[in-house]
Amino acid sequence: MGRGQTAGLSEDAAVLSRVMDSLREPVIRAAIEWLELPRNSRGLDIACGIGLEDIRLVQSIAPHGRVVGLDLSMPSLIAAKGHSKECAQAGDLDFLLGDWSKLPFAGDSFDWIWSCDAVGYAPYYQAHAIEEITRIVRPGGSVAILFWSSQSLLPGYPGLEARLNASQAGIAPFEEGMPPESHAMRGVGLLRSAGLERVRAMTFVHTVHSPLGDQAWAALTALFKMRWGGSEAELDEAYRDAYQRLCLPDSPDFILDQQDYCAFFTYTMFTGRKPNKSFHSVFTNQ
């Protein structure tokens, strides 16, 4: 597939997820390793998409762990089941259609809950939603919420990138006028308000630089469109011209084709544990 075909791929969400995964994979794997999920445990992936993370999660808890992927999109779940067939632990993966704001599970059903690029984004990142997630984790179990938190993608053009990041598309899914506490980076308070303990935050960084392979080029091209698409109307003439010259793949000055290109992005993860009832009862009775 030639690089010039990337724009057509972005119309298909499943294909876009696969393209972007080539860029995100090192960060996702680093986050999973940092969690040190218990071997042979049972976990839930909320908004699992096409299931690529579920494969990594179930591999991390092998040989007898189990992961359930939940998503609202049937096409995504069909794609997830297809991908899982390539995994040695395919028999330990389940995919269910469901709404994570009304989780179809009894209380204390899972050892851990994971969500990447879903929970954490407004308007779904609110105290009652985190409480619903906490409900289905067993006492002593953990919750992990991972999301894209920052990027530096236009080396040498900090003014243009700052202006793009300040656009409506750039600050999405946050919106002007929303309560500051609903921003994903306020996750420490939200997890604590849901009754979780041992709340921690960790940021993971991934760097890319030239020469870019076809997969990285396609993923970054899709990322430019996803992060800043539609922002041109908010730019003045000088910034709009710079955006069109540097950020569109048909331009002869497309920044990804420059020999000294280097960029990075970050993912931030908030984690917490549900209080262990037996532990607390010991001290309550003393």
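Residues are numbered from 1 along each chain as its sequence is written, and side-chain values use heavy atoms, with hydrogens and water left out. Because the model is predicted, local features need pLDDT of at least 70 and side-chain atom pairs count only at pLDDT 80 or more, while totals for chains, interfaces and linings use all residues.

I'll start with the strands. Helices (H or I, at least four residues) and strands (E, at least two) are DSSP runs, numbered from the N terminus. Two strands pair if DSSP finds at least two bridges between them. β5 runs parallel to strand β4, residues 110-116, with six bridges joining them. Phe 110 has Val 137 of β5 as its bridge partner. With strand β7, residues 262-273, β5 pairs in the antiparallel sense over 10 bridges. There, Ala 144 is partnered by Thr 271 of β7.

Next, salt bridges: a side-chain nitrogen of Lys or Arg within 4 Å of a carboxyl oxygen of Asp or Glu. The structure holds 10 of these salt bridges. Arg 66 forms one with Asp 92, where the closest N and O atoms are 3.6 Å apart. That pair links Arg 66 in strand β2 to Asp 92 in the loop between α4 and β3, 26 residues apart. Arg 66 also meets Asp 94 in a salt bridge, at 2.9 Å from N to O. Here the partner, Asp 94, is in strand β3, 28 residues apart from Arg 66.

A further salt bridge joins the side chains of Asp 108 and Lys 274, again 2.9 Å from N to O. Why does this pair tie together parts that are 166 residues apart in sequence? Because Asp 108 lies in the loop between β3 and β4, and Lys 274 in the loop between β7 and α11. Asp 108 is partly exposed, at 35% relative accessible area, whereas Lys 274 is buried, at 14%.

Last, the aromatics. Rings of Phe, Tyr and Trp (its six-membered ring) pair if their centres lie within 6.5 Å; planes under 30 degrees apart count as stacked, over 60 as edge-to-face and the rest as tilted. There are nine aromatic pairs in the structure. For Phe 265 and Tyr 267 the ring centres are 6.3 Å apart and the planes at 75 degrees, so this pair is edge-to-face. Phe 265 is buried, with a relative accessible area of 1%. Ring pairs also link Trp 217, Phe 224, Trp 228 and Phe 254 into a cluster.

Definitions and conventions. Buried < 20%, exposed > 50% of the residue type's maximum accessible area, 1.4 Å probe, protein only.
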